Amino acid sequence: MKYGDIKIEALKLMFVNMGDDITIDKLETYEQDDTYNAYLVNMPGSINRCFSALESKGVLPSKSKTLTALEGVASGAFIRFDLPSIIDNYCDIDRVVSETADGEYCGDCDYQIEGDTLVLERFDDEDITYTVLYRPTIPRVELLTDNEWEVPIPENIVALIPYFVKGDLYRDDEPNEASEARNWFESGIEEILLRKTNKVSRIKTVYSQTE
């Protein structure tokens with residue numbers, strides 16, 4: 001979904017358009033219209049607050065980064081990885097996957113966290129491979145962000161953002177509708193999280209290398 005589509009859908013949910021068919025290509029015109037301007041001018045901040053909520057709830061799909069020993073700092077029996085410095089869009093860790101040269105695969109191996117630093121047992125790249133699964137950050141919007149920008153979030157999640165915006169911006173005008181919209185947002189998030197937690201959270205499989 002495009003950034004401008006979120007704005008349009010939020011306006012429709014707030015019934016600001018009074019039945020008119022509003023479209024993303026006319027957003028610049030709506031920004032000059034007193035009917036829409038009061039809401040549109042406050043949407044970037046509201047959408048950014050929603051992005052923060054999505055990050056903190058851990059609802060975004062995990063991304064992966066394979067680590068190399070050269071990216072870490074070895075100390076004694078351990079090696080430390082400053083995750084924000086080697087992963088541009090790092091928000092929080094999900095789990096760590098390991099795979100050995102002998103074919104042993106662990107989908108949720110042991111690790112320690114020191115702040116944003118991942119601590120693993122010291123390893124050689126030739127013997128074992130570690131891949132960190134992490135939850136990403138969402139780029140924030142600004143006043144001049146292009147309305148055609150494709151928001152890098154799955155459709156089932158981004159479709160909930162207009163409900164958050166309505167609940168956020170409608171609190172003074174229509175508190176009951178604002179509360180209902182926020183409930184729709186929260187219930188949608190809970191449903192997505194429930195599906196995630198129903199998946200197997202710990203996997204360990206050994207593949208035999210013998211003929």
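Does Asp125 count as buried, partly exposed or exposed, and at what relative accessibility? In this predicted model, local features need pLDDT of at least 70 and side-chain atom pairs count only at pLDDT 80 or more, whereas totals for chains, interfaces and linings use all residues. Residues are numbered from 1 along each chain as its sequence is written, and side-chain values use heavy atoms, with hydrogens and water left out.

Asp125 lies in the loop between strand S7 (117–121) and strand S8 (128–136), where strands (E, at least two residues) are DSSP runs numbered from the N terminus. Asp125 counts as partly exposed because its relative accessibility is 37%, the class between buried (under 20% relative accessible area) and exposed (over 50%), with a 1.4 Å probe and protein chains only. Together with Asp102, Asp124, Glu126 and Asp127, Asp125 forms a negative surface patch, a term for residues with over 30% relative accessible area and no salt bridge, in which like charges are joined within 9 Å; a salt bridge here is a side-chain nitrogen of Lys or Arg within 4 Å of a carboxyl oxygen of Asp or Glu.

Strand S8 runs antiparallel to strand S4 (residues 90–100), to which 9 bridges join it, pairing being assigned if DSSP finds at least two bridges between two strands. Within this pair, Ile93 stands opposite Tyr134. S4 is also joined to the antiparallel strand S5 (residues 104–106) by 2 bridges, with Glu99 opposite Tyr105, and the two strands form a hairpin with 3 residues between them, in whose turn Gly103 has a positive phi of about 95 degrees.

Leu133, in strand S8, counts as buried because its relative accessibility is 15%.

Methods:
Patch = residues over 30% accessible without salt bridge, like charges linked within 9 Å, V, L, I, M, F, W, Y side chains within 5 Å. Areas by Shrake-Rupley, 256 points an atom, 1.4 Å probe, with all protein chains shown as cover. Lys, Arg positive; Asp, Glu negative; His and termini not counted. Charge placed at Lys NZ, Arg CZ, Asp CG, Glu CD. Helix = DSSP H or I, 4+ residues; strand = E, 2+ residues; numbered from the N terminus.
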